[in-house]
Every structure is written in structure tokens, then in C-alpha cells.
Amino acid sequence: MTADLLLEPVQQGSRPALARAVTLIESTRADHRIEANLLLDRLAAKQIESGRGHALRIGISGTPGVGKSTFIEALGMSLTEAGSKVAVLAVDPSSSRTGGSILGDKTRMERLTRQPNAFIRPSPTSGTLGGVAQRTAEVMSLVEAAGYDVVIVETVGVGQSEIAVADMTDLFVLLVAPAGGDDLQGIKRGVMELVDLVVVNKADGDLVALANHTAADYRHALGLLRPRRGVTPPSVLTCSALGATGISEIWNEVVETWQELASSGELEHLRASQAVSSMERSFERTLLSSLLAATPIAGHHAALSEAVAKGERAPSAAAADLAQLVLGEK
């Protein structure tokens with residue numbers, strides 16, 4: 001896999017080429033990283049040259065079992081049937097022991113997988129906090145360059161640390177289930193302060209009244225918080241992903257909010273800020289891995305790690321020694 005071989009097929013929207021390009025970007029091999037960076041640079045230049053616009057990037061989070069995959073499939077089916085090209089980046093949790101992950105979203109989104117205008121890519125978190133994979137931001141740029149006009153990022157669960165998706169997408173949607181008022185405490189304030197839209201799923205059958213009550217609870221809660229943007233609290237809508245009801249209303253709300261961001265110039269500023277943040281994260285990963293692989297740093301790192309594991313050194317003190325060594329101060 002090389003940048004030269006993948007560049008043109010990816011731009012033409014070839015799904016097999018796009019899948020190979022994502023694999024290249026997610027690889028940790030040094031030679032693959034060189035080719036991946038070359039491919040991303042060339043695609044960025046081509047996008048500027050062609051004047052191709054941005055895709056609408058949506059982050060979707062919610063507690064396990066709330067129906068994220070069902071909701072995304074219902075939304076994706078609606079969009080592809082209307083002529084849009086939809087990419088879904090579904091992030092699955094990795095095992096801390098083996099590094100493996102379930103990667104079951106292609107099974108859960110069986111109908112959407114068969115759509116020619118849809119591309120679903122499950123990726124393991126590989127230990128990355130924030131509910132996203134290490135290379136999610138880069139993969140979003142890749143599918144955007146491949147001509148997908150809607151990119152959906154499905155995060156793992158929801159929690160205090162799992163809010164990084166809001167810092168790499170245009171809009172952040174929180175999916176919740178019909179529940180009693182006490183269950184509102186299960187959603188952390190840090191997440192609530194970042195949402196652009198709250199969707200109460202499973203509003204069907206006997207749960208319709210409870211879903212409406214839950215939506216009212218969330219509207220009240222959001223009214224007590226400072227909005228992420230402007231002065232108006234985020235909207236709270238209900239839907240049934242299983243019955244595909246309420247999906248068009250949710251999409252209209254998403255598009256309206258996105259168009260407001262674009263017309264005000266906030267979207268351009270947001271994308272620029274996100275690109276710089278992505279660069280900083282990549283720099284930190286690259287610098288750390290390069291330093292730890294260098295001699296004699298690697299030997300000192302191994303020795304200090306052993307001392308910390310045995311309780312002979314305090315972690316902070318050992319880290320300070322390592323930093324001094326890297327900076328040539330010791």
C-alpha cells in the first residue's frame with residue numbers, strides 16, 4: 001500500500017481503496033506512517049485545488065444499550081436513499097489485555113452496509129480515551145476527500161473522559177433512552193455542556209409518554225447550563241430509531257444548526273482549531289514513541305519502569321528524571 005497507488009482511487013470514491021487507505025492510516029508501522037502522511041498531505045492539497053467543500057461531521061454518543069447503532073442505521077438509510085454519501089466511523093472498545101475489540105457495527109448495521117453510498121468502518125480504541133480511536137480525525141479527513149458528504153462518528157459509551165468526539169466534529173449529538181428523572185444523573189455534566197442536540201430514542205409503544213417526559217427533563221436540565229454556542233439551549237427531540245419515526249425532524253435540526261455555523265464563520269474557525277489540535281495530538285504520540293525507542297532513552301525508561309513497578313521510585317519522580325534525561329539536563 002502506497003500513497004501513489006491509493007491517491008486516485010480514493011478520490012474517485014472506490015470503497016476497497018478507501019478501506020485499504022484507512023488500514024494504512026491506522027497502521028503503526030514506521031513505513032506505513034510515512035505513506036499515510038504522504039497520502040493525507042496530497043489529498044488535502046487536492047481538496048484545496050478542487051474547491052471541494054467540507055462534509056458534515058456528526059459525533060454521536062450515548063450509554064450502551066441506548067440504540068446508537070440502530071439510530072445511525074436509520075439516519076444513514078434515510079440520507080443514502082436521498083442521494084447523500086454517508087461514512088460511519090464506529091469506534092469499539094479494545095481489550096486492555098489483548099488489544100482486540102468486538103467490531104460488531106457492520107453486523108448491527110446490516111442494511112446500511114449494503115448501501116453503495118455508505119461506508120462503515122469499525123475501529124478499535126486501542127486504549128485511547130475520549131471514546132474515539134487514535135486516528136479518527138485523520139480517517140474523517142480521508143473519507144471527506146473520498147467524496148462522502150456526511151461523516152458520522154459513533155463513540156464508545158459516554159462518560160467524563162469520553163468527550164473528545166466533540167472536539168473533532170462539527171456537531172455533537174447525545175442519544176438517551178426514556179428513563180426516570182434520577183437517571184439523568186448518569187450523564188455527566190461535562191458531556192451535557194458540549195451537546196448540540198439531545199435525542200430521546202425508543203419513543204414508541206408504551207414508552208412514548210415516558211420519552212416525552214424524559215425530553216422535558218433534559219430541556220429543563222439544559223436550561224440550567226451555559227449553552228455551548230449562542231444563548232439558546234440545545235434542542236431536545238424524540239424518535240424511534242426502530243420505527244424510523246422522527247428521523248427527518250432530527251436531520252432538519254442538524255442541517256439547520258450546521259448551516260448557522262457555516263454562515264456565521266464559526267465552522268471555518270472550528271475546523272481550523274480542530275486541525276491544529278489534531279496536529280498537537282499526533283506530535284505528542286510521535287514524539288513519545290520516538291523518544292522511547294531511542295537509545296539510551298529506552299534503557300533508562302525500562303529501568304525506571306521496573307523501579308516504579310517495584311515501588312522503589314515514585315512515578316512522578318521517575319518521570320521527572322526521564323524528562324531531564326531527554327532534555328539533556330542529567
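**Entry 1: the second largest pocket.** I began with the second largest pocket, whose volume comes to about 350 Å³. The model I am working from is a predicted one. I counted 16 residues in the lining of this pocket. Arg 229, Thr 232, Pro 233, Thr 257 and Glu 260 are the ones that lie nearest its centre. Which helix gives the most to this lining? I found that helix H10, residues 247–264, does, with five residues. By residue class, I noted seven charged, five nonpolar and four polar residues in the lining of the second largest pocket.

**Entry 2: the largest pocket.** Next I turned to the largest pocket, which holds about 1100 Å³ of space. Its lining takes in 38 residues. Nearest the centre of the largest pocket I find Leu 40, Glu 138, Ser 141, Ser 278 and Ser 282. I then asked which elements give two or more residues to this lining. They are helix H3 (30–50), helix H7 (136–145) and helix H11 (266–293). Of the elements, H11 gives the most, with 16 residues. I also sorted the lining of the largest pocket by class: 15 residues are nonpolar, twelve are polar and eleven are charged.

**Entry 3: one threonine.** Is Thr 214 buried or exposed? Its relative accessibility is 2%, and the cut-off for buried is under 20%, so I put Thr 214 down as buried. What does Thr 214 touch, leaving aside residues up to four places away in sequence? My list reads Ala 177, Pro 178, Ala 179 and Val 200.

**Entry 4: the whole chain.** Last, I stepped back to the overall numbers. The chain has 13 helices and seven strands. Of its 330 residues, 45% are buried. I looked at contacts between residues at least 6 apart in sequence, and 74% of these join residues at least 24 apart. For the surface, I noted an accessible area of about 16500 Å² for the chain. Carbon and sulfur atoms account for 55% of that surface.

Methods: Residues are numbered from 1 along each chain as its sequence is written. This is a predicted model: local features need pLDDT of at least 70, side-chain atom pairs count only at pLDDT 80 or more; totals for chains, interfaces and linings use all residues. Side-chain values use heavy atoms; hydrogens and water are left out. Helices (H or I, at least four residues) and strands (E, at least two) are DSSP runs, numbered from the N terminus. Buried means under 20% relative accessible area, exposed over 50%, partly exposed in between (1.4 Å probe, protein chains only). Contact means heavy atoms within 4.5 Å. Accessible areas come from the Shrake-Rupley method with a 1.4 Å probe; for residues, only the protein chains shown count as cover. On a 1 Å grid over the protein atoms alone, a cavity is a set of points where a 1.4 Å probe fits but cannot get out, and a pocket is an open set with protein on both sides within 12 Å along at least five of seven lines; lining residues have an atom within 4 Å of a point. Grid points are joined across faces, edges and corners, and a volume is the space filled by probe spheres set on the points. Ala, Val, Leu, Ile, Met, Phe, Trp, Tyr, Cys and Pro count as nonpolar, Asp, Glu, Lys and Arg as charged, and the others, Gly among them, as polar.
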